[in-house]
Amino acid sequence: MQRLLTKSPVAVAAFWIAVYLAIALLPLFVLLLYPPASTGRGFWTEFSVSLGFVGLAMLALQFAITARIHRIEASYGVDIILQFHRYISLVAFALILIHPLILFVNQPETLKLLNIFEAPWRAKFAVTGTLALIILVFTSIWRQRLNISYELWRTSHGILAVVAVTLGLAHGLGVSYYLGLFWKQLLWSAIALSALWLLIYVRLVKPWIMTKRPYFVEEVIPQRGNVWTLAIRPKGHKGFRFQPGQFAWITLDISPFRMREHPFSMSSSGDHPERLEFTIKALGDFTHTIKNIEAGTKAYLDGPYGVFTSDRYWDASGFVLIAGGIGITPMMSMLVTAVERRDDRPYLLIYANKSWEDMTFREELDGLVNSIDLMIIYVLRQPSEDWTGETGYVDKALLQKYIPIHRGSRQYFICAAPVMMEQVEEALHDLEVPITNIQMEHFNLV
């Protein structure tokens, strides 16, 4: 925890934003250094080329964004980084497409370069690389509609990205007008090689490291609400410590080189790396198989990840935890860790679910009330006739009834289905909870 006190999360996040902008805009600064002699190319031609260089740099940076670099991830969280990756990829895609479109309008004779059979190699590189990028974007946006498996998509995604960046660089070197100087060629080659290395690291080096630190399934524990807790122990090593609320990517019963991994939050104490527990609801094809996993099954973990953790707020005077359904998992980790650490701060847990029988960890949560300063509010959407507690949804009225009057004195953690998270976040804003005090965790990371 002391390590977290040495750096401000906001300052570190701002630093990485500055690094990203510096690298993405590097091509423009390069053009200003020893620019080629003017040949009357005109503003639109130069502007078009600038967009192409910036788009290519942004495309190369996507390899760093998706490499799960801990120092970067610790500033934002994987969910935010992946959302940024998706949106910024579309921006890079647009810049790269606008680059030739401007040329076609400003110089119609360049349209003949689209004929890859007769065009020079530099144009063939550009056309082929752009087609690879179009396929990459198209299959990413419509993957589920096209019924492409995640494993196949992830493999092809990496290959297409390498093709697009490599051919984009080859196109720039082939034109040579802007990259005529050796040091400029060296700089751009270094950017491309760095991107390629990050891909190799993610697809080959990291899985190899994971094979040296295997785990095994100790037991699978049934929970309420069609939920299962997967208990995993390290085999031949000490495992890893994590901050309560974080998650890891799990690979079960196959090689980590297969890239079929799934992200799940830990529900156990962050101070016990010798046994990690992941509580998983049967919602999809893979999660429905968890109950059938046998003890002794080999597992591989990549983690921990995530900034959705109470450890980041050591100076908070208390916490409000708002969970819906399986969103209780990271909250459980925070609570059991707080018990072990004898945390004397107040905790308010608002837990919404369909029915009383669906309340995962119901007995365990009630058992924690006497160990820490914990108040639990259960909210049922379909209560029984004898239910006397809260019903319906976690709305503004319910929150106003239970959260502290001094809103800024607590840190608020929300983990639920997207609709509930949006409603709760809006209600908290209406109740004047500072936006910096609201932390959210999303289910879908892939």
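Residues are numbered from 1 along each chain as its sequence is written. Because the model is predicted, local features need pLDDT of at least 70 and side-chain atom pairs count only at pLDDT 80 or more, while totals for chains, interfaces and linings use all residues; side-chain values use heavy atoms, with hydrogens and water left out.

In soluble globular proteins, nonpolar side chains tend to be buried together. A nonpolar core is here a set of buried Ala, Val, Leu, Ile, Met, Phe, Trp, Tyr and Cys residues joined through side-chain atoms within 4.5 Å, where buried means under 20% relative accessible area, exposed over 50% and partly exposed in between (1.4 Å probe, protein chains only). The largest such core has 30 residues, and F53, L59, F63, L133 and W188 have the most contacts inside it. Two or more residues each are given to this core by α4, α6 (78-106), α7 (121-141), α8 (150-175) and α9 (182-211); these elements are DSSP runs numbered from the N terminus, with helices (H or I) of at least four residues and strands (E) of at least two. Helix α4 supplies the largest share, 8 residues. A second, separate core holds 27 residues, including Y313, A316, L321 and L380.

Aromatic rings come next. Rings of Phe, Tyr and Trp (its six-membered ring) pair if their centres lie within 6.5 Å, and planes under 30 degrees apart count as stacked, over 60 as edge-to-face and the rest as tilted. The structure holds 14 aromatic pairs. One of them joins W44 and F47, whose centres are 5.9 Å apart and whose planes meet at 85 degrees, so the pair is edge-to-face. These two residues are 3 apart in helix α4 (residues 43-65) and are therefore separated by about one helical turn. W44 is partly exposed at 47% relative accessible area, and F47 is also partly exposed, at 33%. Another pair, W356 and W387, is tilted because the centres lie 5.2 Å apart with the planes at 40 degrees. W356 belongs to the loop between β8 and α11 (362-368) and W387 to the loop between β9 (374-380) and β10 (390-391), so this pair ties together parts that are 31 residues apart in sequence.

A charge sits over a ring if NZ of Lys or CZ of Arg is within 6 Å of the ring centre and within 35 degrees of the ring normal. In this way K124 sits over the ring of W121, 4.4 Å from its centre, and R143 over that of W153, at 5.6 Å.

Helix α10 (residues 328-340) has 13 residues and reaches 18 Å from its first C-alpha to its last, close to the expected 18 Å, a span taken as 1.5 Å times one less than the number of residues. Of its 13 residues, 11 are buried, among them I328, M331 and L335. Just after α10, R342 takes a positive phi of about 55 degrees.

Finally, N353 lies in strand β8 (residues 347-353) and counts as buried at 9% relative accessibility. The side chain of N353 reaches the backbone oxygen of D358 at 2.9 Å. Leaving aside neighbours within four places in sequence, N353 is in contact (heavy atoms within 4.5 Å) with G325, D358, M359, T360, V379, L380 and R381.

Methods:
A polar contact is a pair of N or O atoms within 3.5 Å; within protein, one must be able to donate a hydrogen and the other to accept it, and residues adjacent in sequence count only if both atoms are side-chain atoms.
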